[in-house]
Amino acid sequence: MIDRLLFTLKGSKQIMMKLVGFYVLQAFLIIGQAISLASLLTNLWAGYSLASEWGWLLGFAGCFIGRHVINWLDTVILDNYARKTAQKLRQQLLAKLFKLGPRLVQQQGTGNIVTLTLDGISEVENYINLLFSKFVSMMIIPVMILVVCFWLDWISGVVMLLVYPLIILFMIILGYAAKAKADRQYTSFQVLSNHFIDSLRGIDTLKYFGLSKRYSKSIFRSSERFRKSTMSVIRVAMLSTFALDFFTTLSIAVLAVFLGLRLIDGRLLLFPALGILILAPEYFMPIRNFANDYHATLNGKNSFHAVEKILHEEVPPEPHVDIKQWQDDSQLQLNEVEFQYQHGSRLAPVNLKLHGFQKIGIVGMSGAGKTTLINLLGGFLQPTDGTIKIQEQTVKTLNIGDWQKQIIYIPQDPYIFDDTLRNNISFYTPNVSQAQIEKAVKMMGLGSLVAELPNGLDTMIGKGHRQLSGGQAQRIALARAFLDQSRRVLILDEPTAHLDIETELELKERMIPIMKDHLVIFATHRLHWMKQMDYIVVMKHGQVIEQGTYDQLMTKPGYFTDLIFDRSKEGK
């Protein structure tokens, strides 16, 4: 039930040593508190006046106050350690996610990764906080109290020693039952997170096809499964808490009865009887606290193991090659490059040659493999077979820092940071001048947005602030690209998929000038872009079935011409 993986965290040994010191001192104070109180009551029972017992009373008060001071210090130190460790884990997780790229997100789901990064790390913080304190206190305080109880009355000590393993055994049995249910709950939560995020991201498409109500019912069913699994965990947690409280209380009651009977028979003095009776609840308190909080740590444990699993994912090694800035004579060639997903779909072997400042259009229906090919070209996925030749150097993957630093990537939904409009526009070029920002604003048609914002470029936008339309977000992404002239590779993955045709055509006029003197890789299903492309790659069901210039593809019947004529019939 103790997670050994927790003790591999940086600083865990130091915090353990501090906690051991704190709890040893706290155990002495608990014992001192019990001895002082028992001595005070025994002497008062013997007829001594209260005025003569000020020493014991002050000793009790001092131990009581010292105990809670130690408890406060322990809480502060452990809270700080848990918070800093959680922050480091979040930073390490984000760094690893960036290194692993979209592959991991596609495997585990966007919702699961987002939930793990936000809520999951918070649960890990709570897990670290609770488990360290409860574990150390359970290992130290009962042992020291038991030694004192043996000194006061060895028979009572034997009874307390025999009862403790039974409670632990019962706690383990219930703990395993709770763990199994918590694992099912965590799995349900992962499914719900992925389902909800995916449905939310595609809500426009779902509404367009009249499927939003069907998916809302699907989300409801997923949430109901999660609710039922959560209630199942809570029932086990409440049952185990009640059972452990009942057995520990019963143990104390039985011990009190035996102490009372032996006290009446004269076989035991009042002082040891009172001392044991006062120490008995403290003896069982650590294991009760551990058992009560164990269920609260189960989600944290699952999240912690999920984080550690990602952190130990193998990152494909970056090839040791020297990639220079992309120029008009630079070349990139794919030779029989393919990719296989774990869930079964694959990208069939691709042969493709790119050179200079070409504009490459990648077309195909949804699921044709456009995004997979783009991720391979961006170095976000590692091919499962084939070779790549870039600038006369043969490599297995384009996961190369010098290559990726040359890329500007514009997806369907550009990320808008929770920051000012100015900082969002100058994201790639933080030191750019005011005049250049204003030029970018004018070029990308953001003037009307700036004019209507209360603080102009210094207005906060993003989550929780001024919301933007899809067209405005794309304009900001294009302004970023316009300002950064040092990056010569422009990758666009369905950048206008969610825009109406009027907005798209307006943006098209602003995007074409940016493409000049760039290698442009443009994935889209909007075919009107193809006339502006120098070379077109046509994909279907994970295969490149046609490639060539627009005129070459139009001169012979094929899948591309079928797409063109079908769209023409639809009025597109």
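Arg 262 touches Asp 153, Ile 155, Ser 156, Arg 267 and Leu 268 when residues up to four places away in sequence are left out, a contact being heavy atoms within 4.5 Å. Arg 262 belongs to helix α7, which covers residues 212–264; helices (H or I, at least four residues) and strands (E, at least two) are DSSP runs numbered from the N terminus. With a relative accessible area of 12%, Arg 262 is buried, where buried means under 20%, exposed over 50% and partly exposed in between, for a 1.4 Å probe and protein chains only.

The model is predicted, so local features need pLDDT of at least 70 and side-chain atom pairs count only at pLDDT 80 or more, whereas totals for chains, interfaces and linings use all residues. Residues are numbered from 1 along each chain as its sequence is written, and side-chain values use heavy atoms, with hydrogens and water left out.

Helix α7 also holds Phe 247, which counts as partly exposed at 36% relative accessibility. Phe 247 is one of the residues that make a nonpolar surface patch of about 770 Å², others including Phe 242, Phe 246 and Leu 261. Such patches consist of residues with over 30% relative accessible area and no salt bridge, with like charges joined within 9 Å and nonpolar side chains (Val, Leu, Ile, Met, Phe, Trp, Tyr) within 5 Å; a salt bridge is a side-chain nitrogen of Lys or Arg within 4 Å of a carboxyl oxygen of Asp or Glu. Accessible areas come from the Shrake-Rupley method with a 1.4 Å probe, and for residues only the protein chains shown count as cover.

A nonpolar core is a set of buried Ala, Val, Leu, Ile, Met, Phe, Trp, Tyr and Cys residues joined through side-chain atoms within 4.5 Å. Two such cores are set out below.

| Core | Residues in core | Among its members |
|---|---|---|
| Largest nonpolar core | 61 residues | Leu 6, Leu 89, Ile 128, Phe 132 |
| Second, separate core | 45 residues | Ala 477, Leu 483, Tyr 550, Phe 560 |

In the largest nonpolar core, which has 61 residues, the elements giving two or more residues are α1 (12–45), α2 (54–100), α4 (110–152), α5 (154–201), α7 and α8 (270–311), and the largest share, 19 residues, comes from α4. Leu 89 touches Leu 9, Ile 121, Val 124, Phe 304, Val 307, Glu 308 and Leu 311, not counting residues up to four places away in sequence.

Across the protein, buried residues make up 48% of the 572 residues, and the secondary structure comes to 17 helices and 12 strands.
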